[in-house]
Amino acid sequence: MNNSYNVAVIGGDGTGPEVTREALKVAEAAGAKFGFKLNWQHYDLGGERYLKTGEVLPDSVVAELRKFKAIYLGAVGHPDVKPGILEKGILLRLRFELEQYINLRPVKLYRAADCPVKDKGPEQVDFIVVRENNEGLYAGAGGNLFKNTPHEVAIQESINTRRGVDRCLKYAFEVAAKRRGGKQPWKGLKPEDTAAGKTAQLTLCGKTNVLTYAFDLWFRGFQEMAPKYPTVKTDYAHVDAICMWFVKNPEWFDVIVTDNMFGDIITDLAAMIQGGLGVAAGGNINPEGTSMFEPMGGSAPKYTGQNVINPIAAINAAGMMLDFLGETKAAAAIENASVQIINTKIQSLAAGKMGYSTTQVGDLVASAI
Ligand code: IPM
Ligand code: MN
């Protein structure tokens, strides 16, 4: 064994534990093949624990989680718990306290049949969204005045700090500069771009025409940083236009960087053009600390316990985690195995329509490693 990794696992609520089981199974298969060991440490955070004990996320657990380089998260959200308690109390709190300031969401379509947009296939849908993950409207700044009166005032502030914006932009420029090995130019570039030495494109997604304080900071930061990355072509688009182009021309995007809320919204739309929440994975990244990997979908109470939910997103999240831990070959093997199983076995990526159970899909991907 070359390496061994300690990973904290939060299966969480609903279908979270079901997809987590398959993701860990596939990660272990990759470990067996590529010579590393994974030591899972399970944490029972989620709706059940909250309902039983009133505990959402004890400080002592945060302190323990901090010691891991990686956390694997299934899903949080329970039908008997008021919305927000678990999402804010577990997911957002961990993102903030562990300073996971990047939410990395690759958007890749594996099979044309899974794309709801006519005439778009894997060639057209292949980009990465870098979402700021610690600030913006999600920072929790704001308050009420005169609550429950006709004069009620509700304020929700978007926090954008120079440090927060710059570190996110830097991460995104680096993702763009390193894409395709930093050599093979992105096919969306124009001949004059490649002649000028560009290999990738980074699009800032904002709303500079209305959010003239926040996105002025983002835009200046973007322009000031660009000269440090001469191989990256810079591009800007308003968030509303991005939504339109994700449907009309997804091939126009290579890497996108954006704030927390816009990133949340556009990545759900992006998940649909890549085949749905059954395949969309993400990483909450602190490059110097503890990162957390999760399928983008929620706890799907409707499908809980039926062994019908698609585990591919969860499996892909495990692949991203191994990539982050430095096991790049294992990560690539997991992605290739997923693609192979999607293309040769799975009927539809939707829950209950795969033609196989959750467990069977996990077994198929594991044996294709
Ligand atoms: C996501 C989710 C979360 C978010 C919720 C559950 C707090 O929608 O990961 O995109 O808004 O970030
Ligand atoms: Mn979301």
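Predicted model: local features only at pLDDT ≥ 70, side-chain atom pairs only at ≥ 80, totals over all residues.
**View 1. Strands E1 and E2 pair in the parallel sense.** Strand E1, which spans residues 3-12, is joined to strand E2, residues 36-42, over seven bridges. Two of the facing positions can be picked out by residue: Val-7 of the pair stands opposite Trp-40 in E2, and Val-9 has His-42 in E2 as its bridge partner. In a regular strand, side chains alternate between the two faces of the sheet.

**View 2. A right-handed β-α-β unit is made by E1, H1 and E2.** The helix of this unit, H1, covers residues 16-34, and the strands that it accompanies, E1 and E2, are the parallel pair with seven bridges.

**View 3. Strand E1 also pairs with strand E3.** E3 comprises residues 70-75 and runs parallel to E1, with five bridges joining the two strands. Among the residues to look for in this view are Ile-10 and its bridge partner in E3, Leu-73.

**View 4. Ligand 1 lies among residues that include Glu-87, Leu-91 and Arg-95.**

**View 5. Side chains of Arg-105, Arg-131 and Asp-264 approach oxygen atoms of ligand 1.** A polar atom in the side chain of Arg-105 is placed 2.8 Å from a ligand oxygen atom, while for Arg-131 a side-chain N or O atom is found 2.8 Å from an oxygen atom of ligand 1. For Asp-264, a polar side-chain atom is likewise 2.8 Å from an oxygen atom of the ligand. Of the 320 Å² of accessible area that ligand 1 has on its own, the protein covers 75%.

Conventions:
Residues numbered from 1 in each chain as written. Chains lettered and ligands numbered in written order. Heavy atoms only, no water. Pairing = 2+ DSSP bridges. Helix = DSSP H or I, 4+ residues; strand = E, 2+ residues; numbered from the N terminus. Right-handed = clockwise from strand over helix to strand, strands pointing away. Near = heavy atom within 4 Å. Polar contact = N/O pair within 3.5 Å; in protein donor to acceptor, adjacent residues only side chain to side chain. Areas by Shrake-Rupley, 256 points an atom, 1.4 Å probe, with all protein chains shown as cover.
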